[in-house]
Structures are given as structure tokens and as C-alpha cells.
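Colleague: I would like to learn how to read this model with you. Could we go through it feature by feature?

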Amino acid sequence: MAETYQLFIDGRWRPATGGATLPATNPYNQEIHAHIALAGAADVAEALAAARRAFASWGRTSPGARAKLLDRLADLIDADAERLALLETTDNGKVIRETSNQMGYAARLFRYYAGWADKVTGDVVALDQADTAGLALREPYGVVACITAWNSPVAILCNTLPAALAAGNCVIVKPSEHASVTTLEIARLCEKAGFPAGVVQVVTGAADTGATLTGSPLIDKVSFTGSPGVGRAIGAAAAANLKPVALELGGKSPNIIFDDADFDRALIGALAGIFGATGQTCIAGSRLLVQRGVYARMVEGLASRAAQIRLGDPRLAETEMGTAANAPQFDKILSFIAAAKGDGARLVAGGGRASGPGLDRGFFVEPTIFADVRNDMSVAAEEIFGPVLSIIPFDEEEEALAIANATPYGLASGVWSQNIDRCMRMMRGIRAGVVWVNTYRVAAPQLPFGGMKDSGHGRVRGHAGILEFTQTKTVFIDYSGDRRDPFSMKF
Ligand code: NAD
């Protein structure tokens, strides 16, 4: 029977004021597998008040105590990983082999930031003023609003939640209306781990709920993962309250293959870049730039490999590609495919809705490849967020760099070459937050991740990830006994 999830506010589970709910639909078979509460303004206000109360003590909790809770939560996620992965797959159609990995990664991130909780150091600085101690302290912001997207709810949440908590912030999470259940499950585990009431809260709902939360002056910082359009709206709302925002937005990432690359590895990297996660990933290598010497062979190799990708029930281990995660996304992908055909891009694989045994009730899209694409066609210029690859030929290295950077986005990129000088030049020349050299779609808790240009600003993961949730406080301590001139600043 479909479970009804409630809001998690101030350590209690309760329905939304007024009782409104939204259905959670399995994109593989269109069955409603859960209902989530639709939080309104009164619910958000209650969560904000609870977070402010909780911060008064949580912000002063010892780092050791925070680390212990984060470690305990990591253990609980590990213990529940199989069920969580299955739920994620049911909620957004992502294949189980990926969601299983993501749960392990989520637990790893909580452990990683448990380790950072007692290592957030400031500076003690020698000053020009005699007998004056100078300190630069790192303190939590207070209450963080965390808005997440539907494509990888738990993995996205765990990019920010562990770091924000380790730094001493309270967090109110608003997951996507298209995939909320695993975030609520993580909240259940937070409760089980023993986080105090109000430290982690979840208000589910759609855009209005998110806008109410991020537009509140009671928020101290906003962390947003989603589309650039919504990122702009959230940035503007937060700016009206003079609140800082970290934005993890979309991408149209170039994956660049040179003639001198290891051909087979590059081909696998191109596939991973666009068909991993059904292309519904911010880091999708959706523009494949291929040098002329290997262009025809690469197009042919990819087209033939794409046709063999196993689509099917995302809960099965052998399935390689799942569904589009929801109806609007499915329609959007198909409309970009139609536009590319209209623009004259050469279709070499897929090109429409996938059908066949086990596929007809799901939002399945064929792994689709267009060759001879121009960078200004909409299929190459705009983020599709689906299994649609644009292949663009190039002759020279400078040309590849120019095409790679000719996009408002700057999230990720890949370079395939066995020439180290060229790899170094490309690595420095590409304007993107991540450059993968002879690999693609690799993530590590230890290294920062985030965008340049319209792909956002701020960083998650790594040392930078915890600093993102702290602000600096400067302290002067004068032990000179000096009777100073009160009418001149003491420089
Ligand atoms: P979206 O921007 O439509 O929605 C994201 C979240 O914002 C949802 O929870 C939504 O309810 C909420 N929201 C919508 N309007 C709002 C408003 N006015 N105020 C406050 N909240 C509001 O994005 P999506 O369709 O859920 O996700 C896909 C996008 O996310 C893609 O662009 C993708 O590249 C991006 N993404 C980026 C990263 C990254 O780390 N850079 C990771 C995953 C996804």
C-alpha cells in the first residue's frame, strides 16, 4: 500500500496544515507508490521558528558530539542502504546499480564530514598593533535552507547536509516535489541517530514551498541545487534579504576526444558521460567534441554501442538505463530530439520513445545520438537532462577549446588524449568547475565540486564544502594596557 509521508518539523512528524498531499509516482510503471505532504506557509514558518530555537544550542554543541551523530547517521544509512536504493529507484527511475552506489557514497560523505567537525580552524594572526591578539574565527551561519533536485535526491542532499551540520548549522530541507521520499527517509534516520529537534527538518512541497522558505529573512544561508532559471529566482529572493546563496546549477559539458586518445577508453568515457544516469545528471558530457582523425570511427562505435544499451526495469541489476524521472522531463527530452531533427542534425542512434516488452508503461527514451551537430543548435546549446548526445567534429586543439567554452555553462568537462602537454593545456584552458582527464563522471568526498559561469557558484565536498557553511568572525584582544587616543582609529 502507498505510504503517506508527513512533514518533519521540530522533531515531530505531522501532516501539512490543511492536510494537502502530492502523489509520488513510479516513472517505470506510473503507479503511485507514496504520498507526500504539501507544506504551506504556516508549516514553513513553524520549521523556521524551530530551527532558530534549535540553533541556539546546536551551534554551541561540541564538534565531537556533532561528529558522533554524523558517524551514527552514516552507520544507519549503511545498514539501510539496500532499502533506500530501492526506494530511490522507485521514486525517480534511476537504475539500482547507480542508486546502490549513491547510498554508499552518502554514508561516506557523512563520515567524511564527521571527520571535519573538529578540524574547522581559524587563524591567529600577528598584528601591527602591539600587545594585541588577532583571531579570525570560523562560525556557522545559523539556519540553512537546502533546496534539492529530483535526479539524485540523496546524493545531492549529502553534498551539503553533512557539511552544514558538521559546521554547526541547522538545516531545513525542501526536496523536489518529483522525488521526496528518500529525503524523508534520511530525516527518519536523523531522528533515530539522535539529532536534537529542529536541527534537521524536511518540508516537502513544490515551488511555492521552496520560495516561501528561501524568501524568508529568518534564513541565514541558502544552498540550492537545481536549474539555472530557478537558481536566478532564488538568488534574487535571497538578495532582497541580503542572504548568501550557494548555487549548484546545470551544465552542457564538453567531453573532448583527440585523435591520440586511447580509443576504447574514450568511447566508454563518452558513453558514461551521456548515458550514465539516463543523462539526467548535471555533469552529463552532452557535447562530445571529436577530432577528425577518429571522428567517423567514434560516431560509428558509439552508435552501435548505444543500440545495445539494456533498457528495462530499473530495479534489476542488469538494467543499464532507466526511465526519464517524470512526465514533464520525458516530454522535454522528446521535444529536444524533435528540434534537433528539425535543425538538420544527423541522427545516428535512437531518436524517440523506447518501446517493447517491459518498456511501454515507463518514460523510456532511446539512447539517442546526433552527429555533425553545430554548437549553436539547441540540442548542443541547451541543457536537455536526458540521454541525448550531440557529437561535434573539430580539427585543431584551439578550435576544440573555443567550442568547449562557447557555452554559458561551466560545470564539468572531459579531455581524452595521451599527450600530457595537450592535457595540461586543455585542463587550464577549459572554464569549468571540473576537468576529468582520461576519465569521466568520477566524484570524491575529498575534492570540491561546483560550477563556473551559469553553472553556479560555491562549492560542495572537500575542505571547501565545510568552509561554505561557515562565516568569519574577527576578534581583537588588546592586552597592552594602552590609554589610547579615542578620536583616531587604531591602525
Ligand atoms: P528545478 O530548478 O526545477 O527545481 C529544483 C528545486 O527547486 C525543486 O525542489 C523545486 O521544487 C524548487 N523550486 C522551484 N522553484 C522554486 C522557487 N521559485 N523558489 C524556491 N524553490 C523552487 O530543477 P530540477 O528540475 O529539480 O533539477 C534539474 C536541474 O538541476 C538541472 O538543471 C540540473 O543540471 C540541476 N542539477 C545540478 C546539480 C549540481 O550539483 N550542479 C545536481 C543535480 C541537478
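Modeller: Gladly, and let us begin with strands: two strands pair if DSSP finds at least two bridges between them. Helices (H or I, at least four residues) and strands (E, at least two) are DSSP runs, numbered from the N terminus. This is a predicted model, in which local features need pLDDT of at least 70 and side-chain atom pairs count only at pLDDT 80 or more, while totals for chains, interfaces and linings use all residues. Residues are numbered from 1 along each chain as its sequence is written, and side-chain values use heavy atoms, with hydrogens and water left out.

Colleague: In which sense do strand β4 and strand β5 pair?

Modeller: They are antiparallel: β4 (residues 21–25) and β5 (residues 32–37) are joined over 5 bridges. Within that pairing, A24 faces A34 of β5. The hairpin has 6 residues between the strands, and there Q30 has a positive phi near 65°.

Colleague: What is the strand order in the open sheet that holds them?

Modeller: The order is β1-β5-β4, 3 strands with mixed pairing. At the edges are β1 (3–5) and β4, each of which pairs on one side only. From one strand to the next the twist averages 25°; for such angles, axes are lines fitted to C-alpha atoms, for helices over the stretch in contact, and angles run from 0 to 180 degrees between N-to-C directions. The parallel part of the sheet is β1 with β5, joined by 3 bridges, and Y5 has I36 in β5 as its bridge partner.

Colleague: Which helix packs on the sheet, touching β1, β4 and β5?

Modeller: Helix α3 (residues 81–92) does, and its direction makes about 100° with that of β4. Contact here means heavy atoms within 4.5 Å. Helix α6 (residues 181–193) also lies across β1, β4 and β5, running at about 70° to β1.

Colleague: And where do side chains point in a strand?

Modeller: In a regular strand they alternate between the two faces of the sheet.

Colleague: What order do the strands take in the antiparallel open sheet with β21?

Modeller: The 3 strands run in the order β6-β7-β21. Since β6 (123–125) and β21 (470–478) are the edge strands, each has a single partner, so one side of each is left without a neighbour in the sheet. Neighbouring strands are turned by 20° against each other on average, direction ignored. Between β6 and strand β7 (residues 132–140) there are 3 bridges in the antiparallel sense, and V125 has G134 of β7 as its bridge partner.

Colleague: Now helices. At what angle do α9 and α10 pack?

Modeller: Helix α9 (residues 263–275) and helix α10 (residues 292–307) pack at about 55°, with their axes 10 Å apart. That makes α9 oblique to α10, because angles under 35 degrees count as roughly parallel, over 145 as roughly antiparallel, 65 to 115 as roughly perpendicular and the rest as oblique. Their crossing is right-handed; a crossing is left-handed if the near helix is turned anticlockwise from the far one by less than a right angle, and right-handed if clockwise. Residues in the contact include F263, L267 and F275 of α9 and M298, L302 and R305 of α10.

Colleague: How should I read burial? Is T319 buried or exposed?

Modeller: Buried means under 20% relative accessible area, exposed over 50%, partly exposed in between (1.4 Å probe, protein chains only). T319, in the loop between α10 and α11 (327–343), is buried at 4%. Not counting residues up to four places away in sequence, T319 touches several residues, among them V95, R97 and R310. Q291, in strand β14 (residues 287–291), is buried at 8%. Leaving aside neighbours within four places in sequence, the contacts of Q291 include I257, F394 and R422.

Colleague: Where is D372, and what is its phi?

Modeller: D372 sits in the loop between β16 (368–371) and α12 (378–381). Phi of D372 is near 55°, a positive value in a residue other than glycine, and D372 is partly exposed at 35%.

Colleague: Finally, how many disulfides does a search of the whole structure find?

Modeller: The search finds 0 disulfides, a disulfide being a pair of cysteine sulfur atoms within 2.5 Å. For C146, the closest cysteine sulfur is in C158, 9.5 Å away, which is too far for a bond. C146 is buried, at 2% relative accessibility, and C423 is buried at 5%.
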